[in-house]
Amino acid sequence: MIHANVGLIEKIEKLPIFALIIPFIILFMMQKLKYFFSCAMALALVSTNASVAVTVDVAVFPEIKVAAEYLSLSFTGSMTGRQTFSVSVTGHKALTAASSAPDWCAVTCINGDIPSVSITVTANPNPQREADVTLSAEGMADVVIHVAQAGYSFERSYQFSDGVIPRNVLQSYLSRAITQLGFLGEGKTLTDWDDNARMVRNVGAKFIGRAIACWAAEPQTFNPAVLGYAEAKMKAMHQLDPDLVFQSCIFEIVSKQVDQIAIPGWVFEAFGLPVENRNFRYDDIASSQMMRWLMDGTAIPDITRQETQLLFYYMAVEYMKTGIEAIHWGQIMLIGKFDTNLAAFASLLEKVRLAAKTYARRGTVICDGHTAAWGEIYADGKLLLDFTSGPMLVEEVIHEPHKCILRVGIADSRYCNTKGGISPSGWSSDRGLYLVEFDNDGVTTNHPGVYGTDYSTWGWDEISWFTNLAEADRNGWLEYAVGWLANNDLCGYLQMPGCIPTNAATDRKPFYRANSSATCADGKNQEETIKRIWSGNN
């Protein structure tokens, strides 16, 4: 197999000399193919004994693989909606039909001065994304084009190290992401850790989102006993699957309780500051313009303040020491409200990534956050985050109770709206990767189940709406959402719901749990559906 760059013309040098009779052959075949030209789904046949010019959109299909009897186009770029590439025949054989193409790959003959084949690739909820398209001409050998759709053609791998996570590895993890809030939280929110561990492994999850989080309870979360518990649980899981990545959270909230936490000397040293014998200072962290964040004694941290950076650095390193390899930074547009050009946040991330080379399991930390209308965030022309994340932002369907759909362009969603750039790992892309998740923002109204009640999903937040669906509808929604993303934006991935707090479930359970009801009394029975979806788009 020969690898060539995009735009190069790969030639198979077996072209016979038919200079005198070629025009007559072409005219003859053109007459016979009038019906074929009108059929967009027909397959065209092209000769390998011709000089074959392969032209590909540089931004979309960056790699071409060519062999004497096997021509493979590997689609590794992003694809939204519909893209087209053409195989142009510069030889002298008219095109004739052969076998059929898959339903997501329309092949059309173009009757021009130089016969050509246009192959239009569209996305499809069917997880099978690869097929062979055979092109040939009468009396000539065939060319087989292997079609693999963007986003599904990446090489699955979970290997990364030394501060670098390749794009295909990041895609591999995002395509197997599940929210498992409190998984490492010493049973304070969940009591059935063994069944959660079983479920995570059974479905094939690799990225365990929000496994440990701190929401205005800093002394409790960063208690050595709690962190030790988390470390022990991660070690137990890594013995079973060393590729698992566990994510922690540093949210857009700080409480007065940080005054109880002593600042280790290594925190001051990382910032080039004299070591002091003191605790963190809430008043030096809290934004004076954004006090009382949801509850008394809390505020939104101001990332431009040095004390905030000291606290966040401390949290990040303490997490990484336990085995954490990913950090969700919450709503960055809130902590960075006064951060001109995000210079302070960029400086913090630089220190955290440097510390990861010493403290993280594989010398790497994967960073994401909610950026909403800001979209991708940059510093010095480079992306600050490895990927972005946010709520699904579903749209209610009027007159169809509890029904919701996904739509490109709704609110400040990520769908088909991410920008590219140079990633923190050094690779470049024209589109950024992202996760969408079931939001548990706590927003409910006094009208549950009612259409159009402000910023809500039928009167609930997203996970409460999902929990209140019938089991078959929950299963169907997961299949629909994964298929919709594949059909519209293959840069986006659905973070499956594993364990998420609810505040309006009709069964009054405080958590939605995907576990099988046969093994978990609170399970909602999406476990096998998640497993089937993931095994189907492997």
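The model is predicted, so local features require pLDDT of at least 70 and side-chain atom pairs pLDDT 80 or more, while totals for chains, interfaces and linings use all residues. Residues are numbered from 1 along each chain as its sequence is written, and side-chain values use heavy atoms, with hydrogens and water left out.

**Overall fold**

The chain contains 13 helices and 30 strands, taken as DSSP runs (H or I of at least four residues for helices, E of at least two for strands) and numbered from the N terminus. Of its 538 residues, 57% are buried, a term that denotes under 20% relative accessible area with a 1.4 Å probe and protein chains only. Among contacts (heavy atoms within 4.5 Å) with a separation of 6 or more, 69% join residues 24 or more positions apart.

**Nonpolar core**

A nonpolar core is a set of buried Ala, Val, Leu, Ile, Met, Phe, Trp, Tyr and Cys residues joined through side-chain atoms within 4.5 Å. The largest one has 116 residues, and Phe 246, Trp 329, Phe 345, Trp 477 and Leu 494 have the most contacts inside it. Helix α8 (residues 306-322) gives the most to this core, with ten residues.

| Residue | Contacts |
|---|---|
| Phe 345 | Ile 303, Trp 329, Ile 332, Ile 335, Asp 339, Ile 377, Leu 384, Leu 385 |
| Asp 302 | Ile 285, Ser 287, Thr 308, Ile 335, Phe 338 |

Asp 302 lies in the loop between β17 (298-301) and α8. Asp 302 is buried, with a relative accessible area of 7%.

**Helix α13 and its packing**

In helix α13 (residues 527-536), Glu 527, Thr 529, Ile 530, Ile 533 and Trp 534 are buried. Viewed down the axis of α13, these residues fall within an arc of 165 degrees, so they line one face of the helix; the arc is that of the directions from the helix axis to the C-beta atoms. Their cover includes β12 (177-180), α4 (193-203), α12 (471-488) and β29 (496-501).

The axes of α12 and α13 are 9 Å apart and form an angle of about 25 degrees; axes are lines fitted to C-alpha atoms over the stretch in contact, and angles run from 0 to 180 degrees between N-to-C directions. The two helices α12 and α13 are therefore roughly parallel, the term for angles under 35 degrees. Asn 475, Leu 478, Glu 479 and Val 482 of α12 make the contact with Thr 529, Ile 530, Arg 532 and Ile 533 of α13.

Note on methods. Buried < 20%, exposed > 50% of the residue type's maximum accessible area, 1.4 Å probe, protein only. Parallel < 35°, antiparallel > 145°, perpendicular 65-115°, else oblique. Lists of a residue's contacts leave out its neighbours within four places in sequence.
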